[in-house]
Amino acid sequence: MNLLSLEEGKSTEESYAQKMANVRLGLIPEHVAIIMDGNRRWAKLRGFPPVYGHWKGAEVLTEILRFASKLGVKVLTVYAFSTENWSRSPKEIDQLMRLISFYLRKK
């Protein structure tokens with residue numbers, strides 16, 4: 001998982017280089033919003049249960065929070081649970097809620 005999102009149609013190196021150029025220019029937004037999406041698919045593609053993908057996504061989010069803070073981002077909004085998530089199994093919903101609760105209390 002990459003800490004910096006990739007722009008459509010650009011290679012990883014080009015996208016990363018452009019973003020780092022923006023950092024050097026001081027073009028850091030005050031408010032950044034992140035939609036947590038694809039963690040479940042990431043896990044399934046690798047043969048892991050969905051909850052593993054959610055945990056890995058939370059670990060990456062922790063890194064993003066640190067990185068954003070160091071860059072000077074003042075506000076970070078994270079969309080971690082959508083209305084579509086309610087259609088998942090009760091077990092997975094419970095796991096997601098426990099994960100969110102854990103990170104809010106411990107991190």
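**Close-up views of a predicted model**

**View 1. The lining of the second largest pocket, by class.** This lining has 14 nonpolar, six polar and six charged residues. Ala, Val, Leu, Ile, Met, Phe, Trp, Tyr, Cys and Pro count as nonpolar, Asp, Glu, Lys and Arg as charged, and the others, Gly among them, as polar. The model is predicted: local features need pLDDT of at least 70, side-chain atom pairs count only at pLDDT 80 or more, and totals for chains, interfaces and linings use all residues. Residues are numbered from 1 along each chain as its sequence is written, and side-chain values use heavy atoms, with hydrogens and water left out.

**View 2. The space inside the second largest pocket.** Its volume is about 700 Å³. Of the 26 lining residues, Met36, Asn39, Tyr79, Ala80 and Phe81 are the closest to the centre. A pocket is an open set of points on a 1 Å grid over the protein atoms alone, where a 1.4 Å probe fits, with protein on both sides within 12 Å along at least five of seven lines; lining residues have an atom within 4 Å of a point. Grid points are joined across faces, edges and corners, and the volume is the space filled by probe spheres set on the points. At least two lining residues come from each of α2 (39–45), α3 (50–71), β2 (75–79) and α4 (90–106). Helices (H or I, at least four residues) and strands (E, at least two) are DSSP runs, numbered from the N terminus.

**View 3. Alanine 80, in the loop between β2 and α4.** Is alanine 80 buried or partly exposed? It counts as partly exposed, because its relative accessibility is 36%. Buried means under 20% relative accessible area, exposed over 50%, and partly exposed in between (1.4 Å probe, protein chains only). Beyond its neighbours within four places in sequence, alanine 80 is in contact (heavy atoms within 4.5 Å) with Met36 and Asn85. Isoleucine 100 is 20 residues away in sequence, yet 8.2 Å away in space, C-alpha to C-alpha.

View 4. α3 has 22 residues. From first C-alpha to last it reaches 31 Å, close to the 32 Å expected at 1.5 Å a residue. That expected span is 1.5 Å times one less than the number of residues. Among the buried residues of α3 are Gly53, His54, Leu61 and Ile64. The buried residues of α3 pack against β1 (31–35), α2, β2 and α4. Glycine 72 follows α3, with a positive phi near 100°.
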